[in-house]
Amino acid sequence: MSDVTRQEIMAVAAAREIKDGEVAFIGTGLPMVAAYLAKFTHAPSSVLVFESGIVDARPRELATGVGDFRLLHGCVKATGLYYALSLLQGGFIDLGFMGGAEVDQYGNLNSTAIGGYARPTVRLPGSGGANDIGSLAGRIVIMMPHEKRRLVPQVQYLTTPGFLDGPGGRERAGLRGEGPTRVITDLAVLDFEPRSKRMRLLTVHPGVTPEEVQSRTGFPLLRAETVGETPAPSPEQAAILRQRVDPEGLYIGKKG
Amino acid sequence: MTLRDAVAQIKDGDTVAVGGHTLRRHPMAIIHEIIRQGRRNLKLQGWNSGIDMDMLIGAGCVASVETSYIGISAFGLAQNFRRAAEGGRLKVIEHSETTGIDMFRATAMGMSFFPTKTPLGSDLMQANEHLAEVICPFTGERYAAVKAARPDVAILHAHTADQYGNVQLDLQRWHDNSVDAILAKAARTVLVTVEQIVSDEEVLRNALLTVLPRKFVTAVIEAPYGAHPTACDSRYDYDLEEVGKYYEASKSGDAFKGYLEERVLGPADHWAYLDAIGLERLMALTRQRVVR
Amino acid sequence: MARDKICSLSEAVASVPDGANMTFGGFAAYFTPMAFVREMICQGKRDIEMTSVAECWVADHLAGAGRLRRARFSNFMFEGMGRCYNFSRGVERGEIAVEDYSHFAITSRLVAAALGIPFLPIKPMAGTDLMNTRGFEAEKARPFACPFTGESVLLVPAARPDVAVIHAARADRDGNAQLFGNTCVIDEQARAASRVIVTVEEIVDDGVIRQQPELTVLPGFLVDALVEAPFGAHPTGMYRYYDPDFAFLTDYYAASRDETAFRRYLDEYVFDVADHWAYLRKIGIRRLMALRADPGLGLARIHARTLS
């Protein structure tokens, strides 16, 4: 198979996280690509929920926003934002996807501000549904580019909870759900060591070494006993990605 | 295909059947383009006509008309038609509304004539060379036979079509509008403008509304407000202000030239025509934005 | 009386005082009352306070025109493109004060007001800087132990904006307003705000509304002023009417990254147009018609592939 892109590897790894029949909160970009791929393959009965109030979208066309009309057409329920988000607090959401400008070793995310809050160097978009998802979904999958300035020892502003200050942090804050279970980057797939709650390297993508991953991380990464290789997309998965899900290559970096 | 390309298929001297009736859904965008392209000696056919035929006559495009009525409804008589007919520059073939429809019905059904009783005993039998008296072979009754019309081109404005040319009309006033399909089936080349080219899904959702399957259609062109200033059923009303302006201008040849210059020859295409009318006016005429 | 509700866009905007606490309907690139916002800028409205979930197009326009004083909000981002540069610059320069919430938290504040209760208990924001780092808000959220179970929650106070401005699909002359598709936060915004202004694509007969009452989001008794504004959400979209004008959004985003380019945008599309019709004239009928939703899909065919 010709030139698999890192984004395709990420999409396939993320799709793997969606189990059939689960209810998942989806954002735009690679998470949406992953969700569509999951629905077209091993998780056809999974239910995709969007914060704008769209429930159980039937993906036919890649959308560029969470309120996109392409999600509305063919969905099961069109309602309001409060309904969609209260599904989180009501415990109905199994899985949520997350991104951000910064992530720390406990999976906390920053999408609010760099360089201070009141007079930041860079004012970022803000939480949106991220904090809600991070606080309440059954589990979280984080997706982002792997860069030292992004994977930081401590986020400058804690928008979205991972494990907060470490073991017991979520419980002390009264949050629900398991917290983040996977971090998927363009270099590796990582998880969180169960006792320390610290980010841990699981697999590296083809052509990547654990050393390279660490060199692009701003804090010491734990490593799984055996660091495997992230599975590349199967020919079937690549075909679906390139021909059905994202033929323009907007997110997977490759035209179909 | 653009409107320009579609109209280019109409040749000087062609017999052209014009859809619409009673100031409703006349294919005005197509007619404007015919005038822009300077067609001559057209033989127009219809069954209830008005500003559509009158404008073409006033623009010097027409050799003959075959229809039951050409008038501007509540405003008054069709002045370009009057001047041309009274000046001996226009051949007029007189019908009633029913015989005007029957001439197309015959062709659409693959027959050379259609039997009717309507014009019997009227001067139409003498005036119209396409009407003849026949005797029923079973009962011996007298009938008028309406000669099948064989237009080269039919021009219509409809509501929707898919990209393949399956043309649909809205459910509202559907039966009123069904004559356009008969007219189209009589013609060799069929050019249809539609308010909107819609998805396959939409056409399939309302398959019963397909009046012209694509085998009957040569070209479909999207032209929103393509019937303006005539009405388009539940979508938009007559633009009475514009029809009134037309009527006033058509009172004299010179004034009419000015109208043509401003409204037809000046604007480069249908979009420029609409921009000159203005979205505010079009929205004021629009009755229904979402048609399902 | 029904007639009294209907007014012009300029009258509706004129009724909003400088410094008003405003909440706007819509979400990201969808059914945002942009005609109203442009008219606000033209009329010189200033020192606006926003109570917002994700009305990024409003925030960035007001910020870019120097009219936004402060915002309590969850997320301002141009999906598929990037952050809101006018808004970001304003915050980075200390010209715009901010208070961050999660979607659910800020919406819950509006829900509390809509329900006529002083606060609502929620779970999110706990343990994070959304709770622990304060902006301008005097009262944002308080930790609380449930009196029945002892479970920890946060209490968020009711938020009552002065004015809600909502763009809907259609309404009858009494202001009974309907929307196709998802409704985002307008249901709550209309009940939380002291005054509600609704702009609609079309004013229809009440029979149309009453034939499909399940589509009604805002009963007329909630609506104080009603304005007919076709294409009033442009360049954002309106489900079943027209898609977002993605080309326009992209051009806007590019212009917003540079202040001089943005000034040119404001001049061309806001200050130099006399009214909403003049703005639409500038866009042109051809472009607007191309954005029209397909009746079967609810979105424009140009953005949809045919059945596969």
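1. **Ground rules.** Because this is a predicted model, local features are given only at pLDDT of at least 70 and side-chain atom pairs only at pLDDT 80 or more, while totals for chains, interfaces and linings use all residues. Residues are numbered from 1 along each chain as its sequence is written, chains are lettered from A and ligands numbered from 1 in the order in which they are written, and side-chain values use heavy atoms, with hydrogens and water left out.

2. **Chain C, overall build.** Chain C holds 13 helices and 14 strands; these are DSSP runs (helices are H or I, at least four residues; strands are E, at least two), numbered from the N terminus. Its radius of gyration is 19 Å, in agreement with the value near 19 Å for a compact globule of 308 residues. That radius is taken over C-alpha atoms, and the globule rule is 2.2 Å times the number of residues to the power 0.38. Along the principal axes, the C-alpha atoms of chain C fill a box of roughly 60 × 50 × 50 Å.

3. Of the 308 residues in chain C, 66% are buried, meaning under 20% relative accessible area, with exposed over 50% and partly exposed in between (1.4 Å probe, protein chains only). Contacts (heavy atoms within 4.5 Å) reach well along the sequence: among those between residues at least 6 apart, 73% join residues at least 24 apart. The chain exposes about 10,700 Å², with carbon and sulfur atoms supplying 49% of it; such areas come from the Shrake-Rupley method with a 1.4 Å probe, and for residues only the protein chains shown count as cover.

4. **Chain C, charges.** You will find 34 positive and 39 negative side chains in chain C, and the centres of the two sets lie 2 Å apart. Lys and Arg count as positive and Asp and Glu as negative, leaving out His and the chain ends; each charge is placed at NZ of Lys, CZ of Arg, CG of Asp or CD of Glu.

5. **Chain B, for comparison.** Chain B also comes to 13 helices and 14 strands. Its radius of gyration is 19 Å, close to the 19 Å that the globule rule gives for 292 residues, so chain B is as compact as a globular protein of that length. Its C-alpha atoms fill a box of roughly 60 × 50 × 35 Å along the principal axes. Chain B carries 32 positive and 37 negative side chains, with the centres of the two sets 3 Å apart.

6. **Where B meets C.** Here 29 residues of chain B are in contact with 24 residues of chain C. Together the two chains bury about 2,400 Å², 60% of it on carbon and sulfur atoms; this is the accessible area (1.4 Å probe) that the two parts lose on being put together, summed over both. On the chain B side, Trp271(B), Leu279(B) and Arg289(B) lose the most area to chain C, together 28% of what that side buries.

7. **Helix H5 of chain C.** Helix H5 (residues 85-92) of chain C is mostly covered, with eight of its eight residues buried. Phe87(C) sits in this helix and counts as buried at 2% relative accessibility. Leaving aside residues up to four places away in sequence, the residues it touches include Arg123(A), Ala59(C), Leu68(C), Phe73(C) and Val98(C). Just after H5(C), Gly94(C) takes a positive phi of about 75°.

8. **Backbone spots to look at.** Most residues other than glycine have a negative phi, and most peptide bonds are trans. The bond from His228(B) to Pro229(B) is cis, with omega near 10°, and so is the bond from His234(C) to Pro235(C), with omega near 10°. Pro235(C) lies in the loop between strand S14 (225-228) and helix H10 (246-256) of chain C. Phe31(C), not a glycine, has a positive phi of about 30° and counts as buried at 4% relative accessibility. Cys184(C), not a glycine either, has a positive phi of about 55°; it is found in the loop between strand S11 (177-178) and helix H8 (186-192) of chain C.
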